[in-house]
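Please open the structure in your viewer and keep the selection tool at hand. Each stop below tells you what to select and then what is there.

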Amino acid sequence: MIYLDNSATTKVLPEIMDTFIAVNEKYWANPSSIHEFGHNTNELLQSAREQVAEILHTSSSKIYFTSGGTESNNLAIFGLANKYKFRGKHILVSKIEHPSVLEAAKQLNTLGFEVEFIPVDSKGIIDLVELQKLLRKETSLVSVMHVNNEIGAIQPIEAISKMVRSNSKAVIHIDAVQSFGKLPIDFKRYDIDALTISSHKIHGLKGSGLLALSKTREVEPMILGGGQEAGIRSGTTPVPLAVCTAKAIRIASASLEKNTTEMKRLTEELVHFLRGFENIKIISPDTRAPHIVTFSVRKVKGEVIINALQKRNVIVSTSSACSSRQTKTSHVLQAMHISDDYIKGVIRLSISSLTTEQEIDTFKKIFTEVINVIKGD
Ligand SMILES: Cc1ncc(COP(=O)(O)O)c(C=O)c1O
């Protein structure tokens, strides 16, 4: 199988699977228990937290392990909006956020907050002029994704945070689910307040991830109960998942430069190849993340190509795994004003550090055969 759907999820690394088993075998106590077994398990958990905090340049007390990107984004949107509403109830999120941000933000609208959506240009990049117009003194939260999951557009986080800081007192949340391990991101590099990471996008386990805050920020809890995770996320902390999240983060950040260079080289090869077809339009902007290339075949439905490729053991997707089972048009492509001729034929290729040159060569061969058979309507 040639798997080019790594933005949907990645293959778990064997060393992470080994760690999961080892921690379950040796440290399966409840980390909140006061006996020594619980204490030792808690020490392991705290060391995972410290490792992550060091990589992200924050304090270990600001790392909250969660069930993944969706929960972390919900915690950020609801928890930060509630914590900082004394500064104002005006919230900004971009039009192309992941549904876990967009839907949470829409919900805030029904709870007495005023939510506005920042437009993007035809390349999917946040319009800074529009952002400046939308910012107000009473804007208390701005949430923007670092890399868009459907098209790989990279948002200019530095310019965005500068603009937010000089026009408001808003806290800044970044959904780094698609960027962590592909682009450098931490609290020292960018002047931001909160960061979401999901493990299964970086060869870790599904159902795990975290929300990190910068040293001085706080968040209101969303899940109430026994007060685990410093009272921010109740529920017995799944230590094996947390330890594996820390390991996935360590591996991703240690090999960032090497992986990025190689992924960029392979996706550039793909872009060059796709440009050779006169009925194909590259949707991803030139300033795209190293692992995503999104393109569209004129007047051909994406599903037709996906199914034809699948029959040849090549796995690709429409622009996002979440929306691909729904019939509605992607909100990201709509926000970019992609024309009718191209909007239905969108295909996303997303690679990982495990993708090889040979796989890309085989993809090119199979894709050429498939596209020659499929006719536009
Ligand atoms: C940008 C982005 N944010 C959030 C999520 C949700 O992450 P999870 O699958 O861990 O809930 C995804 C998953 O596709 C994503 O791509």
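Predicted model: local features only at pLDDT ≥ 70, side-chain atom pairs only at ≥ 80, totals over all residues.

Residues are numbered from 1 along each chain as its sequence is written, and side-chain values use heavy atoms, with hydrogens and water left out.

**The whole chain**

Show the chain as a cartoon, and you can look for 13 helices and twelve strands, which are DSSP runs numbered from the N terminus (helices are H or I with at least four residues, strands are E with at least two). Turn the view slowly: the C-alpha trace spans about 65 × 50 × 35 Å along its principal axes. Of the 377 residues, 57% are buried, where buried means under 20% relative accessible area, exposed means over 50%, and partly exposed lies in between (1.4 Å probe, protein chains only).

**The ligand**

Which of the 14 residues around the ligand come nearest? They are Gly69, Thr70, Asp175, Ser198 and Lys201. This shell divides into two nonpolar, ten polar and two charged residues; here Ala, Val, Leu, Ile, Met, Phe, Trp, Tyr, Cys and Pro count as nonpolar, Asp, Glu, Lys and Arg as charged, and the others, Gly among them, as polar.

Now show side chains and look at the distances to oxygen atoms of the ligand. A polar side-chain atom of Ser198 lies 2.7 Å from such an oxygen, an N or O atom in the side chain of His200 is 2.9 Å from one, and for the side chain of Lys201 the distance is 2.6 Å. Taken alone the ligand exposes 390 Å², and the protein buries 88% of that, with areas from the Shrake-Rupley method and a 1.4 Å probe.

**Two loop residues**

Select Lys299, in the loop between strand 10 (292-297) and helix 9 (302-311). Its phi is near 60°, a positive value in a residue other than glycine, and Lys299 is partly exposed, with a relative accessible area of 40%.

Finally, move to Asn313, in the loop between helix 9 and strand 11 (314-315). Here phi is near 70°, again positive in a residue other than glycine, and Asn313 is partly exposed at 46% relative accessible area.

How values were computed:
Near = heavy atom within 4 Å. Polar contact = N/O pair within 3.5 Å; in protein donor to acceptor, adjacent residues only side chain to side chain.
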